[in-house]
Amino acid sequence: MAHERKTIIIDEIKYWKEHQLLPKEYCDFLLALYTEGNDDSEDEPKQKHFPFKDVGSFIYVLLLLSLLPLSFLVIHFTELSMPMQTGLILFFLGFSLLNIWFFYRKNSIQVHVAIIVFLLILFLYTSYLSSEWANQSWFNHAVILLNCLLWIGFGIKQKLTYLIASGFIGIIVWCLYIFF
């Protein structure tokens, strides 16, 4: 193959790799194939991998994480009426759910932060509601157990090991609380 044609193909593959038009592994394979293993671009220093592409997404994730303490404050340390608390917590849950959908569509790693925030706010609020409305310990325990089972079920469905582990740890802590 002519040298000029090889150079064009190599440049095109590098463009695909840089703009993620093909998976990195495919591009590396094609580059190794066309450069016959002598790719000099590998000598360039590799950039440190940071999960946030810019400062804006980092601040956005911090905003998402700030929903956890805000939810706790709304539930436990304010004199808001129950409908106002419910409205705020439902807004926080909706915002988290919207972020799950948004990050999932972008295939971003931040989807895991959004999932964790959503499930923890849901846990906080359902346990608060069960203690406010039912005032029976068996109902509170059932709600906590159902939340842990939800985590396990969602973790199995989505193949998220951290949710499965969190669910089992929650059940173990719940059992220790009940029996000891």
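Q: What classes of residue make up the lining of the second largest pocket?
A: The lining has 7 nonpolar, 4 polar and no charged residues. Here Ala, Val, Leu, Ile, Met, Phe, Trp, Tyr, Cys and Pro count as nonpolar, Asp, Glu, Lys and Arg as charged, and the others, Gly among them, as polar.

Q: Before we go on, what kind of model is this?
A: This is a predicted model: local features need pLDDT of at least 70, side-chain atom pairs count only at pLDDT 80 or more, and totals for chains, interfaces and linings use all residues. Residues are numbered from 1 along each chain as its sequence is written, and side-chain values use heavy atoms, with hydrogens and water left out.

Q: Okay, which residues line that second largest pocket?
A: Ile100, Phe103, Tyr104, Asn107, Ser108, Val111, His112, Ile115, Phe154, Gln158 and Leu160. A pocket is an open set of points on a 1 Å grid over the protein atoms alone, where a 1.4 Å probe fits, with protein on both sides within 12 Å along at least five of seven lines; lining residues have an atom within 4 Å of a point.

Q: Which helices supply at least two residues each?
A: α5 (82-105), α6 (111-133) and α7 (137-158). Helices are DSSP runs (H or I, at least four residues), numbered from the N terminus.

Q: And what is the pocket's volume?
A: About 210 Å³. That is the space filled by probe spheres set on the points, with grid points joined across faces, edges and corners.

Q: Asn107 was in that lining. Where is Asn107 found?
A: In the loop between α5 and α6. Most residues other than glycine have a negative phi.

Q: Is Asn107 buried or exposed?
A: Asn107 is exposed, with a relative accessible area of 72%. Buried means under 20%, exposed over 50%, partly exposed in between (1.4 Å probe, protein chains only).

Q: What about Lys159, where does that lie?
A: In the loop between α7 and α8. Phi of Lys159 is near 60°, also positive. Lys159 counts as exposed, at 73% relative accessibility.

Q: New topic. How many salt bridges are there?
A: The structure holds 2. A salt bridge is a side-chain nitrogen of Lys or Arg within 4 Å of a carboxyl oxygen of Asp or Glu.

Q: Which residue forms a salt bridge with Lys17?
A: Asp28, with the closest N and O atoms 2.5 Å apart. Lys17 lies in helix α1 (residues 3-18) and Asp28 in helix α2 (residues 24-34), so the pair ties together parts that are 11 residues apart in sequence.

Q: And the Asp28 bridge with Lys24, how far apart are its closest N and O atoms?
A: 3.4 Å. Both residues lie in helix α2, 4 residues apart, about one turn of the helix. Shared partners join Lys17, Lys24 and Asp28 into one network.

Q: Are they buried or partly exposed?
A: Lys17 is partly exposed at 26%. Asp28 is partly exposed at 26%. Lys24 is partly exposed at 49%.

Q: Last one: which residues make the nonpolar surface patch?
A: Ile172, Leu176, Tyr177, Ile178, Phe179 and Phe180, over about 750 Å². Patch residues have over 30% relative accessible area and no salt bridge; like charges are joined within 9 Å, and nonpolar side chains (Val, Leu, Ile, Met, Phe, Trp, Tyr) within 5 Å. Areas come from the Shrake-Rupley method with a 1.4 Å probe; for residues, only the protein chains shown count as cover. Ile178 sits in helix α8 (residues 161-179).
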